[in-house]
Structure formats: structure tokens, C-alpha cells
Amino acid sequence: MSRPESDLVPRLATPRMRRAAAFPGGPCAIAARAAATLVAAARATATLGVTAAFAAILASAPSAHAQQAVERRAQLDADGYFRIWNPAGSVRVSTWDRDTVWLRGTLDAGARRGFYFGSAGPAGKMGVQTGAPEARADFEVVLPRNATVWIKTTTGSIEVEGVGGGVDAYSVTGEVRVNGDPRTLFVESMAGAVRVVGVPGTLRAKTGGGAIVFRGSSPDVTLATVSGELVLEGGAVRRGILESVSGAVRFSGGLERGGSLSIQTHDGAVDLALPRDVDADFVVTTLDGKLTQRLVRESPGSVSGPRGREQQFTAGAGGAEVRVRTFSGAIVVRPIEGVAGGG
Amino acid sequence: MSTDQHPDPERLSDFAEGLLPSSERAQFEAHLAACAACREEVESIRGLRAGLAALPRELEPGADLRPQIRREAGVARRRARNRAALRDLRVPLAAAAATLVLATAGATALVVRTEGGAGGRDAELAGRIAAPPGGPGGVAGTAAGADGDRMDVDGVTLADFRRLESDYARAAEELLAALDGADVSAETSRLVRENLRTIDRALQESREALAREPGSPLLRQLVLAAHEQKLDVLRRAARLSARS
């Protein structure tokens, strides 16, 4: 049975190839077509894409001999909603420009008994519902580009790339990685790290002990952790909130004109780097931490009193609001170069 | 499906969420036409989903909002989040109701201002703040509502602070008890307790410092932030532990 060339796209081994193939008019179109052609030509023997992808899945499975491959596809509206629940095992989500959800994965014997998959119209869901928490499954799912996806794992990692709708990703100990520009991005992991690269419309990321690293920009960012490190690097934010109990906080980016940035930690160190030309009013307070201010030349000096050590100063014309508070964490406010400060 | 045979709750949920294939949908509709209980359940699920969808996701109203508005927003959000967490854990309704009552007062956290100085009554208030919530001589153990409770800091009263700390502590206890009673993995439980230890240490340090400097807005803020972080960890644990 012949298969349209476009159907082979998700079989390509890497997200980069799939992404390129999904943009027929884009700069990578030639590469995408070449890749699809290569796969089609190789299919008669054994496609390179299939071989590579399955090899990757099998390599990540602890007992490959007990695994059973599964493949499903079903209709899902272009902006549909899809839920994925996988207690033990990984989930990888990428996207394409079709109103179809496509799944490929492996299930062990326990997971096979609880496996479900269904999708039609505006919504669909899949996962493993079993009383055996160790039942392992690894899924690779391709969704319509503007879909919204909800993913939850217990121990497995979550990787999401290119989703343009909303992304909700939750894991107890697994790491969560998201690349792309979802409209909204909500991520929680108790012990795993969270890594986000892109320009989400809204970002909320929370961890217990895992680090949160965000490289990109967003108008609305909240990062919260108990003891993990918080890192925000990249473009400007309009509204940023970074909170930790003991985790260090590193912010290196811009602040939109009239925006706000609030950093609060108990005893984590704060390293706040902003463009030298930022226009912002600062209130920097620590009860028992060292306070170092190198952003503006004429520092007002610290005022000590019942509220601890506090510096209030204005950079540029002011306007944006920056507040930093710690109990005993050291605070450094310093300039960075090469990032536009105004919005 | 006959009218006296109720569908599986999972399938009912699928129906309410529009996830059933059309072939099954017709059967469900026929059953619902004759079964008030299932109709009510479906409406309940749909109402819940709509309500949740309409809820704000965070407890961070804009800085420009007035305290009274922030207080109202905080009440609704805290109620919804604790309710959702407890529902996930399937604790008895009585426990949920108790926690919700506790949580309503929590919104006063948002009233705390960043400016203001300590009044002359701070010293005598210090001892009351220093004791843990609910403990002998602690903030929860003193009478509320008297004029003497008012702290000289932008109208924020000690009564507010006291009630808030007490509510936070009790809400955390109930959520923790619910978590203990739920089918939570040993690893999750260990992680939660590890996080709570870190927060409790920070909370204790802030409370001790606040006892020394009861007029410090920074310290009140840090104390309340630690309480909120503690509840947030418990709520997240509840969400993450739910089986779907």
C-alpha cells in the first residue's frame, strides 16, 4: 500500500527535519523535501527515519525485549485540545500542519493493559491508566501546530517542541523541556528541572528542587522554586516574577518600558543584570544579605533601618518597577551590554 | 446501555468533555434522557470545567490594583485551588469544607504593603508574633478585633496577620494530612517533605526576625510568602499525585 509522501513526515528521525518539512514554503523547504524523498526511497528496504526513531525509543527502554510498538492516528482539529497521561516513561510532542494527531510509542506488558487513545473533532486523549505505577510506556506524539496539549508524567521526561496553542506539562521527578512559542505555558515539576527556550505568551513554571532555566522572552513570566536555581536569560519581559526559598536567582535580560520585575528569595543569591540604558525605578531590600549595586553610577547608598538594608534608585528615566527582596541572600544589581532596555 | 445501568464515571467524563465517538454519544444521550442522576453528573462536570477554565491561574494580581480588590481576588483563587487540590486527593467533603473556611481569610496576605514604619506598640506585639501559630501565647491564641491589634503600618492589623498565619498553618496541616492519606508514592512524599523542611526553616528564620522587628514590612512579606509557598507545594503535590 502506497503512502502519501506527507504521511512520512512524522517518521523522520529528528524534530528539526519534521519542522522543516512542516513549512513547505519556508527556508528549509528544500531540505524537507529532500528528506522526505530520501525516506520514501528507503522505505522499500527499511526507512532510515523509522530505523533511527525506533532505535532511539528502544534504546531508552529498560527492557526492550518486553516492549510492544504501538502506532495510532486520529483526527484532531487544528486548534484542538489533547491530553496525555503517562505515569512512567517519556513523552515527546512535536507538531505539523495537519489536523491529525499521530502517535508512535512502545508499551511494556503492564502499560499495554491500560493503554488508551482516542481523538475526534475538538479534543482527544491518550495515555496509560493502570494500577501498576511501574508500567512503562514511551510516546512520541505529533499534534496540529496550533493545538493545546496537557501532559502529565510521574517519572518520565517531557519534551515539547513547536506547539503554538497552550502547553500544560506536569511531572513529579521528570525533566520538562519546551521549545517554541506557545500562547500559554504552564509547567510544574517537583524534582525535575524545567528548561524553556522560546517566546511564550505567558509562562508559569514551578519546581521544588529542580532548576528552572528560561532562555527567551515573554510579556508575562512567573518562575517559582523552593530550592532550585532560577535562570532567566534573553529578551525583555513586561511582567516578571521570580521567587525562591533557597535557590539562587539569575536574571539577565531586558525590561519593557513601564513593566515590572519582582524578585524575592529567602537566602538565595540574586544576580540581576539589566541593560545599562534601562528605564526603571528600583527598590532593593535585604535584611541580612550583602547588597551590591553597579547599574547606576550615582548610587544613593544603603539605608539601614528596621526594614533591613534598602536601596531605592532610578535608572535612566525610570518608569518600570523593579523590586528585589531577600532575607539573607546576597543581591547584585549590575549592567549587561547588548540588550535593549526599552520596549 | 439500559437506563438503569449507569455508565462508567470515566466514560461519563469523556462524554461531558466531548471526547466520545459519535457512535457512543448517541447511546449516552439516550441514557441521559432517562437518567436524572447522570444528567446532573454531566452538568456538574461541565460546570466544573467551565468554572476552572474561567479561574485565574495565579495569585498575583497587578500591582496597580487596590488592596480591597486584591483581597477579593485572593479569596476566590485560594478557595478554588484548595478545593481542586482536595478534590484530587478525594478527601472527605468535611475536610474540604474546613479548609475552605480557613482559606478565605488568607487573602489578607495581599493587603500587606511594602512601605510604612513600626509603631510604638511593636515591642509588645513582638512576643505575640514570635510564638508559632496556634501555640501558647502565639498569634492565634490572642483575642481578635480589639483596637490594640492595629499595627501602625498602613492600616494592616495584627488581627489580619494573626488570622492569616493561623489559616495558612491549618490549611497546610489539612492538605498534608490529605496527602498522607492519599495513594502517593514514597518518592513524592519524600520530595514534598524535603521541600517543606526548606520552607519551614525559612519561615522560622523570618518569624524569629519578625519577633525582633515586628514593624518590618519586609519580614511580614517574607513570612507570608513562605506560608504561601508551603501551601503551593502541597497543592502541587496534590495535583501531581492525582492519577490523571
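Predicted model: local features only at pLDDT ≥ 70, side-chain atom pairs only at ≥ 80, totals over all residues.

Residues are numbered from 1 along each chain as its sequence is written, chains are lettered from A and ligands numbered from 1 in the order in which they are written, and side-chain values use heavy atoms, with hydrogens and water left out.

**The two chains**

Among contacts (heavy atoms within 4.5 Å) in chain A with a separation of 6 or more, 49% are between residues 24 or more positions apart.

Now switch to chain B, which has nine helices and zero strands. Buried residues make up 49% of its 244 residues, and its accessible surface comes to about 11,400 Å², with 52% belonging to carbon and sulfur atoms. In chain B, 67% of the contacts between residues at least 6 apart in sequence join residues at least 24 apart.

Stay with chain B and select residues 217-241, which are helix α9. Its 25 residues reach 36 Å from the first C-alpha to the last, close to the 36 Å expected at 1.5 Å a residue, the expected span being 1.5 Å times one less than the number of residues. Because 24 of the 25 residues of α9(B) are buried, this helix is largely enclosed by the rest of the structure.

**The nonpolar cores**

A nonpolar core is a set of buried Ala, Val, Leu, Ile, Met, Phe, Trp, Tyr and Cys residues joined through side-chain atoms within 4.5 Å. Select Val141(A), Leu223(A), Leu272(A) and Phe282(A), the residues with the most contacts inside the largest such core, which has 66 residues. Strand β17 (residues 249-265) of chain A gives the largest share of this core, five residues. Apart from it lies another core, of 38 residues, including Trp85(A), Ala182(B), Val223(B) and Leu234(B).

**Ring pairs and charges over rings**

How many aromatic pairs does a search of the whole structure find over all chains? There are four, a pair being rings of Phe, Tyr and Trp (its six-membered ring) whose centres lie within 6.5 Å, with planes under 30 degrees apart counted as stacked, over 60 as edge-to-face and the rest as tilted. Show Phe115(A) and Phe139(A), a tilted pair at 6.0 Å centre to centre with 35 degrees between the planes. The pair links distant parts of the chain, with Phe115(A) in strand β5 and Phe139(A) in strand β7, 24 residues apart. Phe115(A) and Phe139(A) are buried.

Next show Trp150(A) and Tyr170(A), a tilted pair with 6.3 Å between centres and 55 degrees between planes. Trp150(A) lies in strand β8 and Tyr170(A) in strand β10, so the pair ties together parts that are 20 residues apart in sequence. Both Trp150(A) and Tyr170(A) are buried.

Turn to Trp96(A), where the charged end of Arg98(A) sits over the ring, 4.9 Å from its centre; this requires NZ of Lys or CZ of Arg within 6 Å of the ring centre and within 35 degrees of the ring normal. Then find Trp85(A), with Lys152(A) over its face at 5.5 Å from the ring centre.

**Two loop residues**

Select Gly208(A), in the loop between β14 (202-207) and β15 (212-225) of chain A. At 0% relative accessibility, Gly208(A) counts as buried, and its C-alpha is separated by 4.9 Å from that of Val226(A), 18 residues away along the chain. Leaving aside neighbours within four places in sequence, the contacts of Gly208(A) include Ser189(A), Asn195(B) and Arg236(B).

Finish at Ala330(A), in the loop between β23 (320-326) and β24 (331-336) of chain A, which at 31% relative accessibility counts as partly exposed.

How values were computed
Helix = DSSP H or I, 4+ residues; strand = E, 2+ residues; numbered from the N terminus. Buried < 20%, exposed > 50% of the residue type's maximum accessible area, 1.4 Å probe, protein only. Areas by Shrake-Rupley, 256 points an atom, 1.4 Å probe, with all protein chains shown as cover.
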